[in-house]
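Q: I would like to learn how to read helix packing, a ligand shell and a domain contact in a model such as this one. Could we take them in turn?

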Amino acid sequence: MSGAPEAVFTRDLRRHYPRITRGEGVYLYDDEGKRYLDGCSGALVANVGMGVPSVVEAIAAQAKSCAFAHMSVFLTEPAIRLAEHIGSRAPAGLRHVYYATGGSEAVETALKLSRAYFMERDGAPSPKSLVISRWHGWHGNTLGALSVSGHVPRRRPYGLMLPPAVHIEPCNAYRQPYGPEAADWDLRAANALEAAILCEGPERVAAFIAEPVVGAAAGAVAGTTRYFQRIREICDRYDVLFIADEVMAGFGRTGRYFSIEHFDTIPDLIVLGKGMAAGYAPMAGVLVHDRIYDLFAEKSGRFVHGHTYNGHAIACAAGYAVQEYMEEHRLVERAAVTGADLGRRLQALRKHELVGDVRGLGMMWGIEFVVDRAAKTPPPRRLDVSGRVTNEAMKRGVIVYPGAGGVDGVLGDHILVGPPFVIKDGEIDELIGAVDEAIVAVAPAVFATRA
Ligand SMILES: Cc1ncc(COP(=O)(O)O)c(C=O)c1O
């Protein structure tokens, strides 16, 4: 087949998109026979790899018995089983799943749920509706999710359409917001939340949303325990809900079932997505704490919200089969162990002058590029270092996930490396070898422009 497939409105109309016909384990195969090692699991989605027979069978069985029953009227067995399974593995009290279809829709749900909670509790015209979030964080492309996101290039074209939100500085150990010498920089970053709440008025603030480990917008930047514990204290002090967005980092990606567990903090709501059904079906949701669920149960019993495909039966069956497979093969533990090894081996890429930082947790790693390591100077955006490294890796049959903006919203090129948890030793060699070669291929052009 030749020519652009114009019937599909792709993200980039000038780009050539290989046509994938098959996936197996960590590999995707195109219609020309080329094999790609998926070093970023799509967008850190395909945690269990492609072609897991038990998941495929569960999907087929559910399609045969009942593909869809609208959740405004019915419940299905897979929807109940999946929610119970997630609740039994989550931090204490987080036991109720509100289903959604994708991460952005789940973020919208969490934002509206936080508003609805205060209306239930305090009476309908509660002024608590504002959500505070962080610069250089990512929560999705729908208007509400984009409004709380801190990724500048993705926000800017739609700025006038975005509902109001307040952003505070991120918590980034490599790029500390108060300079490299500042003591207690992470506590100061957390205290920015208190300042913002006081500025806006606690009576207006409903929630704070953050990724415990920032993914797409900054490249695997983890918070600290005392940062999130201080965030929790501040939220409690000012009667603000804490929403942990685990769309990318959840379901074992960082070596714990939820990444917030690294920081001994219990949020009020956890946003779920990606790894929930690991790409076998569109599936996401919000995991809700007892104290919020119980309030709805005691009061009106209704959350005015909902989408047609919430709790889709096939997607729930896929999700449950994925979670069962993870359990059976101890894949969260494996993500921790294999991920530590992956991280150790990625650290060797610091030998390149272009590599400023290699950071991450479990199977979620970020490599940030700089043109001056001592000064941590980011490359000029026009050089598109992350895009070029990604293209070079792809030429070598390896897919990684490029990003930019972690320094000031625009500058700060990085790639995310996050293969399926089932990746084998030799496949890690193949992945790192291609990234290594890709950096070597890109570096001369970057440093030539500096000279
Ligand atoms: C942390 C986080 N939240 C929300 C989203 C939005 O999810 P989706 O693309 O499924 O709408 C993403 C997507 O990358 C994400 O990484």
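Q: At what angle do helix H2 and helix H10 pack, and how far apart are their axes?

A: Axes are lines fitted to C-alpha atoms, for helices over the stretch in contact, and angles run from 0 to 180 degrees between N-to-C directions; helices (H or I, at least four residues) and strands (E, at least two) are DSSP runs, numbered from the N terminus. Here helix H2 (residues 53–65) meets helix H10 (residues 313–328) at an angle of about 155°, and the axes lie 8 Å apart. H2 is therefore roughly antiparallel to H10, given that angles under 35 degrees count as roughly parallel, over 145 as roughly antiparallel, 65 to 115 as roughly perpendicular and the rest as oblique. This is a predicted model, in which local features need pLDDT of at least 70 and side-chain atom pairs count only at pLDDT 80 or more, while totals for chains, interfaces and linings use all residues. Residues are numbered from 1 along each chain as its sequence is written.

Q: Which residues of H2 and H10 make the contact?

A: Two residues are in contact if their C-beta atoms, placed from the backbone, lie within 7 Å. H2 contributes Ser54, Val55, Ala58, Ile59, Gln62 and Ala63, and H10 contributes Ala313, Ile314, Ala317, Ala318, Tyr320, Ala321, Val322 and Tyr325. The contact of H2 with H10 comprises 12 nonpolar, two polar and no charged residues, where Ala, Val, Leu, Ile, Met, Phe, Trp, Tyr, Cys and Pro count as nonpolar, Asp, Glu, Lys and Arg as charged, and the others, Gly among them, as polar.

Q: How do H4 and helix H9 pack?

A: H4 and helix H9 (residues 290–298) pack at an angle of about 50°, with axes 10 Å apart, which means that H4 is oblique to H9. Tyr117, Glu120 and Arg121 of H4 touch Ile292, Leu295 and Phe296 of H9, a contact with four nonpolar, no polar and two charged residues.

Q: How many residues surround the ligand, and which helix gives the most to the shell?

A: A residue is near a molecule if its C-beta atom, placed from the backbone, lies within 6 Å of it. The ligand is surrounded by 15 residues, with Gly103, Ser104, Gly140, Val247 and Met248 the closest, and helix H4 (residues 103–122) gives the most, with three residues. The shell holds six nonpolar, seven polar and two charged residues.

Q: Into which domains is the protein chain divided?

A: Domain bounds come from an automatic or database domain assignment, here domain 1 (20–52 + 332–450) and domain 2 (54–328). Their contact takes 32 residues from domain 1 and 37 residues from domain 2.
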